[in-house]
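Please keep the sequence and the model in view while reading.

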Amino acid sequence: MFRWIVLRDLTLAWKGRVDVLSTLFFFLIAVSLFPLGIGPETNLLRLVAPGVVWVAALLASMLALGRLFANDYQDGTLEQLLLTPQPLYLVVLGKVLALWLVSGVPLALLSPVLGIQFGLSGKALLVMAVSLLLGTPVLALVGSIGAALTLGLRGGGLLISILVLPLYVPVLIFGAAAVDASMVGSGVQGSLSLLGALLALSLVFAPWATAAALRISLE
Amino acid sequence: MLEATDLGCVRGDRRLFSDVNFRLSPGSLFQVQGPNGSGKTSLLRLICGLLAPAEGHIRWQGANICSLGEDYFTSLSYIGHRNGLKEELTPTENLRVTSGLAGSQLSQQEASSILGKTGLSGREHLPARLLSEGQRRRTALARLLTCRTPLWVLDEVLTSLDSSAIRLVRSLIEEHLNRGGIAVIATHHELDLSTDSFQRLDLAL
């Protein structure tokens, strides 16, 4: 049954691929603007690269959040999802997984290519991709709570950012720190482990909170 | 057996209804009537467990539906105001996804034959956004035939249906009641169903 949720959302994402591509395109453009604006100062670029890529990833993930429940809410399929004979926790997890597969994963895979513009070393590029692979699911999971809480509200997009961005801060700090550490040659394990811990924590609690928020939003 | 005792509903700061009692045994039809805004949809959503009652309880087979959780949903089909279809998917895909989520696999052929029964043959492979309102309603109705749940909760199912579709809905409900199912229906139309056990609730403003 879990498979059906993921499959459903992936099919829908494929049929509406313009939305998916626009998120990726935003990430691509936002990151590429910095080297153009700062100019060819390799040292400075290298210094800001982790922060720039991570902030762009953060904003891009937030753009994708709007799609998570809003469409299903409007056409009444969300109601039907609530009435399926399986824990709402799994429904939410499946939807978030599908969202991450179409927004987080391509973002992480794209990041090494974008990192080249900042003159990052091979190792730093690899660490960046890994940190994004660990961090973007946390962004999607935590963001799903905000998306569920603001469902059906006017100006929901703005509210999501106010609710969710502060919660994104730890992910941003540890994600960027991992890339930083790889550039100065110190161990990256610490930051990556912390990202992993955040992922484990949000995997357990976020879908549960989102499920509760959805029930309230649909009352 | 679906039972409600002293059911009350409050939306915002307005009390929609209170002290609603009913007891529906297998094979019974329950029609909810009332002017716009009298709480028909709210009552139906209470029965589905989408809304928590302000007072009173609803019991299914003797157990409170709040404590049954997901188990209750295996016996429930709900069609609301909105059809619950994905516009991008074809009726066949919509049907297969819903039944997959309900835990039963439906093959392409089975889905097509069910859609044929609700008068959608030849339209199975068009995206739902290209269908007319009535055809979308028919697709939503096809959901009732995939799961065969004992409790149907139908909110204004007859809107935007033509006379042949209305006959279809009547025959579906009659068949459902004969199989020992329970149907809760909110509608302004006269249903004219031949059933042994019929109850009507009139909600006032």
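How far apart do the C-alpha centres of domain 1 of chain B and domain 2 of chain B lie? In this predicted model, the separation between the two centres is 24 Å. Domain 1 of chain B comprises residues 1-75 + 150-205, while domain 2 of chain B covers 86-148. Their contact involves nine residues from domain 1 of chain B and eight residues from domain 2 of chain B. On the domain 1 side of chain B, helix α7 (residues 163-178) gives the most, with four residues. By class, that side of domain 1 of chain B consists of seven nonpolar residues, one polar and one charged.

The chain as a whole may be considered next. Chain B contains seven helices and nine strands, and its C-alpha atoms occupy a box of roughly 50 × 35 × 35 Å along the principal axes. A compact globule of 205 residues would have a radius of gyration near 17 Å, and the value for chain B, 17 Å, agrees with this. Of the 205 residues of chain B, 42% count as buried. Among contacts in chain B with a separation of 6 or more, 69% are between residues 24 or more positions apart.

Strands of a sheet pair through backbone hydrogen bonds, in either a parallel or an antiparallel manner. Here four strands of chain B form an open sheet in the order β2-β1-β4-β5, and the pairing is antiparallel. Because β2 (14-24) and β5 (63-64) of chain B stand at the edges with a single partner strand each, one side of each is left without a neighbour in the sheet. Strand β4 (residues 55-60) of chain B is joined to β5(B) by two bridges, and Arg59(B) stands opposite Asn64(B) in β5(B). Helix α1 (residues 40-48) of chain B lies across β1 (2-11), β2 and β4 of chain B, and runs at about 125° to β1(B).

The loop between β4 and β5 of chain B holds Gln61(B). Most residues other than glycine have a negative phi. Gln61(B), however, has a phi near 50°, a positive value. With 13 other C-beta atoms within 10 Å, Gln61(B) is partly exposed. Arg148(B) likewise has a positive phi, near 55°, and lies in the loop between α6 (133-147) and β7 (151-155) of chain B. Arg148(B) has 11 other C-beta atoms within 10 Å and is therefore exposed.

Is Ser28(B), by contrast, buried or exposed? Ser28(B) has 21 other C-beta atoms within 10 Å and is therefore buried. Ser28(B) is found in strand β3 (residues 28-33) of chain B. Leaving aside residues up to four places away in sequence, Ser28(B) touches Ile182(B), Ser197(B) and Gln199(B). Ser28(B) and Arg11(B) are 17 residues apart in sequence, yet 29 Å separates their C-alpha atoms in space.

Finally, chain B meets chain A. Their contact takes 20 residues from chain A and 22 residues from chain B. On the side of chain A that touches chain B, α1 (2-15) and α4 (77-82) of chain A each supply at least two residues. Helix α1(A) gives the most to that side, with five residues. The side of chain A that touches chain B has nine nonpolar, six polar and five charged residues.

Terms used: Residues numbered from 1 in each chain as written. Chains lettered and ligands numbered in written order. Predicted model: local features only at pLDDT ≥ 70, side-chain atom pairs only at ≥ 80, totals over all residues. Pairing = 2+ DSSP bridges. Contact = placed C-beta atoms within 7 Å. Axes fitted to C-alpha atoms, helices over the stretch in contact; angles between N-to-C directions. Rg over C-alpha atoms; globule rule 2.2 N^0.38 Å. Buried ≥ 20, exposed ≤ 12 C-beta atoms within 10 Å, placed from the backbone. Domains from an automatic or database assignment. Nonpolar A, V, L, I, M, F, W, Y, C, P; charged D, E, K, R; others polar.
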